[in-house]
Each structure stands twice: as structure tokens, then as C-alpha cells.
Amino acid sequence: MIWRRLMLAVCELELLPIHVLDRVGRLARGLGAQLELFHCVYEPEVVQEWASRERAAQVIAARVEERRRRLERLADVLRDQGLKVEANVRWEVPTYEGIVRHAQRNTPDLLIVPALHLPKELRTPGYREGRLIEECPVPVLFLKTREVYSRGCIVAALDPQPDRAGGELEECIIGAARTMAHALADPPVRLFSAVVPGRRDWSGAAAAGYEVSSGPEAEPVAETEARLEKLASRHDIPGDDVRLELGEAVSLALYARETRAQTIVLGAASRMPAPGAHANALAEKMLDAVECDLLVVKARHAPGA
């Protein structure tokens, strides 16, 4: 997996911390990537106040240009680091839809979004992490931690049941984790999965080509352990860097703290019902639960991706 074009969504010009620019700059340098800063602006009072379409268009153009000049100043900080940076502003509403539409037009390899540290009741309809996870056609990296990147690991979080696309999502998760590690001077990549023993639907494992025990009481732990070992061997990941937990998937947050993870990489579905809704709900839950950055990827050929 190669990322040559990164896009940073600057949702709030006034609230963008300097550590975000430092972190994005380090990723871009590590990947040898070009960078685009993108900002959406929308002021409903402009549309309401100016009945004349011509006058409203003039005011909108002035607002966009003013924001563009401010965004260019942020871009200059990154250009001073030797990076090739483009800055773009569009009049869009709501914010998350504007970000998704721009990503669909320009198809960057990675979208980077500063995660807002706001309680759920204060999050505005214009910024919904969950909708970005669901709608965005490219991987999304949510920057959460304010700490400087250290030598902490990159955690590739895998579902205990392989996807029906023959493990394509798993490969995307591990590939993205290895790309992040490459950008950050090669910290270790670790595989993690959590499984709840008991009755489970393992038809996905069979469809992916794995041997599973027959019968309604099939125990998923052994199958998951064997599958993780095969994945680790195929990707040259040492056995000591593989963890299978017995419990709910939220134990991922505890594992990330234990290993001082820099980034967690997990998968999500794209515009899909039941299974996808669960996957996306886990990604949203992890955004609240973990202290490190979170990278959400999808299978390349997922519906809507």
C-alpha cells in the first residue's frame, strides 16, 4: 500500500493545534507524499441576508478568498519543512459532506482529520466522525493524541471472523498499518483480535477459505488463533507481536494503552446494513475510548468505496 497524496481536512481554522501540522508534516515527509489542505466554509446568514443572487455570490467569493489566505498561512508552515502543499477552500454544507465530496473528486490516498475533543452532545451536525467513516471512499486517519510520536507500536485490529471477500479487508488493514509504520521510522506492527467464545456464525471463515469445525457449538478461539498465526507469518510479523483476547472488542483500547500504541488501524464497512453498521459502530466507539490516533480503512472493492 502506497500513499503519495495526503489530504488534511482543516475543519476549524481557529482551533487547529500546531501539533496537527507537525504530525501531518512528519507523515508526509516519511511517505514522500504531496499534501493538500482543504477547508469548508458556510455562513447561512450570508445566504439569508442577501436576497440578490449576484450580491450573495460576491459576498461568498470574498468569504472564500479570506479563508483561503488564512489557509495558505498554515500551508506555508508545512512548505517551510520542504513539503509540496496545496491549499483549497470551498463553500460547502454540511462540513462532513463537503469533505467527502472533495475526497471523491480528488481521490487522495489518505484523508487526515483532527478529531475534536468534544462530548457527544456538543458535536455539531456539520462534523460527524461516524458519517465520515461511513461515506468517505478513502482511508481516514483521525488525529487524537497531542503527544509527539514515539517508538510505540502500530496496532492492526482484526475482526475475529474474516470478511466474505476472501480476507481483503484484513489485507487492507495490515497494509495500512505497515504503511503507517514506514512513515514513522518503522515501529513494530502488532496484530490484535478479540473473540467471545460461544455460538458464532463462521460462514464468513468458510467463504474465505479457512477450515472451521462443524456443528453449532464450534469454538471460534482455535480457528481465530490459527488464522492470526497465518497472517502474521505471511506478513513477517513475529509471534510475540500477535495478541488474541477473550472478551469484547473494546479490550482493544486496553491493549493500545498497554503497548503505548501510536495508531490503531481497523476496518469499517461502506454504506452497508447490519454487519457494516456494527463495524462502523466499533470505529466510533474506539474514537471515544482510545487515546492514540485511529486509522479506519475499507476493503478496496467494498460497496460505495
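Me: Why are helix α1 and helix α6 called roughly perpendicular?

Reply: In this predicted model, the axes of α1 (residues 18–31) and α6 (residues 168–183) cross at roughly 100 degrees. An angle of 65 to 115 degrees counts as roughly perpendicular, so α1 and α6 are given that name. Their axes come within 8 Å.

Me: Which residues make the contact of α1 with α6?

Reply: From α1 there are Arg26, Leu27, Gly30 and Leu31, and from α6 there are Thr179, Met180, His182 and Ala183. Sorted by class, the contact has four nonpolar, three polar and one charged residues.

Me: What makes Phe192 and Tyr255 an aromatic pair, and what makes the pair stacked?

Reply: The two ring centres are 5.0 Å apart. Rings pair if their centres lie within 6.5 Å, so Phe192 and Tyr255 form a pair. The angle between the planes is 25 degrees. Planes under 30 degrees apart count as stacked, and therefore this pair is stacked. The count of aromatic pairs comes to two.

Me: Where in the chain are Phe192 and Tyr255?

Reply: Phe192 is in strand β7 (residues 189–195) and Tyr255 is in helix α9 (residues 251–258). They are 63 residues apart, and the pair links distant parts of the chain. Both residues are buried.

Me: Why does Ser251 count as buried?

Reply: Its relative accessibility is 15%. Buried means under 20%, so Ser251 falls in that class. Ser251 belongs to helix α9. Beyond its neighbours within four places in sequence, Ser251 is in contact with Phe192, Ala194 and Glu245.

Me: What makes Val297 buried?

Reply: Val297 has a relative accessible area of 1%. The limit for buried is under 20%, and Val297 is therefore buried. Val297 is in strand β10 (residues 293–297). Apart from residues up to four places away in sequence, Val297 touches a set of residues that includes Pro139, Leu169, Cys172 and Val265. The C-alpha atoms of Val297 and Val265 are separated by 7.4 Å, although these residues are 32 apart along the chain.

Me: What share of the chain is buried?

Reply: Buried residues make up 50% of the 305 residues. The chain has ten helices and ten strands.

Me: Which residues have the most contacts inside the largest nonpolar core?

Reply: They are Leu6, Leu8, Leu37, Ile112 and Leu295, in a core of 53 residues. Helix α6 gives the largest share of this core, nine residues. A second, separate core has 38 residues, among them Cys40, Leu252, Ile264 and Leu266. In soluble globular proteins, nonpolar side chains tend to be buried together.

Me: Which residues does Leu8 touch?

Reply: Leaving out residues up to four places away in sequence, Leu8 touches Val20, Leu21, Val24, Leu35, Glu36, Leu37, Phe38, Ile112 and Pro114.

Me: Why is Thr107 called partly exposed, while Asp236 is called exposed?

Reply: Thr107 has a relative accessible area of 42%. Exposed means over 50% and buried means under 20%, so a value in between makes Thr107 partly exposed. Asp236 has 68%, which is over 50%, and Asp236 is therefore exposed.

Me: What makes Glu147 exposed?

Reply: Its relative accessible area is 54%. Exposed means over 50%, so Glu147 qualifies. Glu147 is in the loop between β5 (140–143) and β6 (154–157). Glu147 and Cys292 are 145 residues apart in sequence and 8.8 Å apart in space, C-alpha to C-alpha.

Me: What does Asp186 touch?

Reply: Not counting residues up to four places away in sequence, Asp186 touches Arg151 and Ala181. Asp186 is in the loop between α6 and β7.

Technical notes. Residues numbered from 1 in each chain as written. Predicted model: local features only at pLDDT ≥ 70, side-chain atom pairs only at ≥ 80, totals over all residues. Heavy atoms only, no water. Axes fitted to C-alpha atoms, helices over the stretch in contact; angles between N-to-C directions. Helix = DSSP H or I, 4+ residues; strand = E, 2+ residues; numbered from the N terminus. Parallel < 35°, antiparallel > 145°, perpendicular 65-115°, else oblique. Contact = heavy atoms within 4.5 Å. Nonpolar A, V, L, I, M, F, W, Y, C, P; charged D, E, K, R; others polar. Phe/Tyr/Trp six-rings, centres within 6.5 Å; stacked < 30°, edge-to-face > 60°. Buried < 20%, exposed > 50% of the residue type's maximum accessible area, 1.4 Å probe, protein only. Core = buried A, V, L, I, M, F, W, Y, C linked by side-chain atoms within 4.5 Å.
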